[in-house]
Amino acid sequence: MSKLEHLKNEMKKKGYQITEETPTLGEISLREGRGGHLIMEIEDLEREKIKNLLNSLHCRTMIRVKDDGKTQFIIKM
């Protein structure tokens, strides 16, 4: 199982809606980036809850807020 599939499965177990498109209200977008990183964007979800979940999965993350207000996590597993 790829890192992307593993993370998707863990997020779905926690009840989050995962999409590969641009996230809408209450959704999470998850895709592969360059260099083996995963890119996650969230729209109107609690950033601290997502951060704690990623930490529990032993992911290193960088968080940034994009110009459109969406929070983006750059994840290295």
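Me: In this predicted model, which side chain meets that of E10 in a salt bridge?

Reply: Side chains of opposite charge can pair when their charged atoms come close. Here the side chain of E10 meets that of K13 in a salt bridge, with 3.4 Å from N to O.

Me: Where do E10 and K13 lie?

Reply: An α-helix has 3.6 residues a turn, so residues three or four places apart point the same way. Both E10 and K13 belong to helix α1, which covers residues 3-13, and they are 3 residues apart, about one turn of the helix.

Me: Does each partner count as buried or exposed, and why?

Reply: The cut-offs decide the matter: buried means under 20% relative accessible area, and exposed means over 50%. E10 counts as buried because its relative accessibility is 18%, whereas K13 counts as exposed because its relative accessibility is 64%.

Me: How many salt bridges does the structure hold?

Reply: The structure holds 4 salt bridges. One of them joins the side chains of E41 and R31, at 3.8 Å from N to O. E41 lies in strand β3 (residues 38-42) and R31 in strand β2 (residues 27-32), so this pair ties together parts that are 10 residues apart in sequence.

Me: With which other residue does E41 form a salt bridge?

Reply: E41 also forms a salt bridge with K66, and the closest N and O atoms are 3.0 Å apart. This pair links distant parts of the chain, since E41 is in strand β3 and K66 is in the loop between β4 (60-65) and β5 (71-76), 25 residues apart. Taken together, R31, E41 and K66 are linked in a network of salt bridges.

Me: Which residues of the largest nonpolar core touch the most other members?

Reply: In soluble globular proteins, nonpolar side chains tend to be buried together. The largest nonpolar core here has 17 residues, and those touching the most other members are L7, M11, I28, M40, I50, L54 and I75. Two or more residues of this core come from each of α1, β2, β3, α2 (47-56) and β5.

Me: What is L7 in contact with, leaving aside its neighbours within four places in sequence?

Reply: With those neighbours left aside, L7 is in contact with L30, L38, M40, L54, L57, I75 and M77.

Me: Which residues are buried in α2, and where do they fall around the axis of the helix?

Reply: I50, L53 and L54 are buried in α2. Seen down the axis of α2, the buried residues fall within an arc of 100 degrees, so they line one face of the helix. Among the elements that cover them are α1, β2, β3, β4 and β5. Just after α2, H58 takes a positive phi of about 60 degrees.

Me: What does R60 touch, not counting residues up to four places away in sequence?

Reply: R60 lies in strand β4. Apart from residues up to four places away in sequence, R60 touches I74, I75 and K76. R60 and I74 are 14 residues apart along the chain, and their C-alpha atoms are separated by 8.3 Å. R60 itself counts as exposed because its relative accessibility is 61%.

Technical notes:
Residues numbered from 1 in each chain as written. Predicted model: local features only at pLDDT ≥ 70, side-chain atom pairs only at ≥ 80, totals over all residues. Heavy atoms only, no water. Helix = DSSP H or I, 4+ residues; strand = E, 2+ residues; numbered from the N terminus. Buried < 20%, exposed > 50% of the residue type's maximum accessible area, 1.4 Å probe, protein only. Core = buried A, V, L, I, M, F, W, Y, C linked by side-chain atoms within 4.5 Å. Contact = heavy atoms within 4.5 Å. Arc of directions from axis to C-beta.
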